[in-house]
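Below is a set of questions and answers on one protein model, meant to be read alongside its sequence and coordinates.

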Amino acid sequence: MENIVIFITCANLKEAEKISKQLLEKKLTACANLVRGVSSRYWWKGKIQKSNEIMLIMKSRKRLFKKIISEVKKNHSYEVPEIIALPIIAGNPEYLEWIKESTK
């Protein structure tokens, strides 16, 4: 699968806006959705933690994922940021082509 959906949690809106803008400007992603109001629960340093976060949902191509990880790590406040990708197994053909045309 060439196209992917990427999930990145961010500490706040400012961080999410900065990361999404940089990835879009570098044509590493075609689209970014900033989802506010994400309530997260997770294990960190031996304890269950909770925080309010912003979820970035981005569309790109698999071959760009290593570059995306590198760029996110440069600008993310977390010690271990969530940066995961899932394959897009099917979709509107025109939309999938648009992802390809919108990234380098």
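Buried means under 20% relative accessible area, exposed over 50%, and partly exposed in between, computed with a 1.4 Å probe on protein chains only. This is a predicted model, in which local features need pLDDT of at least 70 and side-chain atom pairs count only at pLDDT 80 or more, while totals for chains, interfaces and linings use all residues. Residues are numbered from 1 along each chain as its sequence is written, and side-chain values use heavy atoms, with hydrogens and water left out.

Q: Is Ala 90 buried or exposed?
A: Ala 90 is found in the loop between E4 and H3; helices (H or I, at least four residues) and strands (E, at least two) are DSSP runs numbered from the N terminus. Its C-alpha atom is separated by 9.3 Å from that of Asn 3, 87 residues apart along the chain. With a relative accessibility of 61%, Ala 90 counts as exposed.

Q: Is Arg 61 buried or exposed?
A: Arg 61 lies in strand E3. Leaving aside neighbours within four places in sequence, Arg 61 is in contact with Glu 2, Asn 3, Ile 4, Ile 99, Lys 100, Thr 103 and Lys 104. At 6% relative accessibility, Arg 61 counts as buried.

Q: Which element gives the largest share of the lining of the largest pocket?
A: On a 1 Å grid over the protein atoms alone, a pocket is an open set of points where a 1.4 Å probe fits, with protein on both sides within 12 Å along at least five of seven lines, and lining residues have an atom within 4 Å of a point. The lining consists of Thr 9, Ser 40, Tyr 42, Trp 44, Glu 53, Tyr 78, Glu 79, Val 80, Pro 81 and Glu 82. It divides into 5 nonpolar, 2 polar and 3 charged residues, where Ala, Val, Leu, Ile, Met, Phe, Trp, Tyr, Cys and Pro count as nonpolar, Asp, Glu, Lys and Arg as charged, and the others, Gly among them, as polar. The largest share, 3 residues, comes from strand E2.

Q: How far apart in space are Val 80 and Gln 49, C-alpha to C-alpha?
A: Val 80 is found in the loop between H2 and strand E4 (83-87) and is exposed, with a relative accessible area of 55%. Val 80 and Gln 49 are 31 residues apart in sequence. In space, their C-alpha atoms are apart by 14 Å.

Q: Is the pair of Tyr 95 and Trp 98 stacked, edge-to-face or tilted?
A: Rings of Phe, Tyr and Trp (its six-membered ring) pair if their centres lie within 6.5 Å, and planes under 30 degrees apart count as stacked, over 60 as edge-to-face and the rest as tilted. The count by this rule is 1 aromatic pair. Tyr 95 and Trp 98 both lie in helix H3 (residues 93-102), 3 residues apart, about one turn of the helix. Their ring centres are 5.3 Å apart and their planes are at 40°, so the pair is tilted.

Conventions:
Contact means heavy atoms within 4.5 Å.
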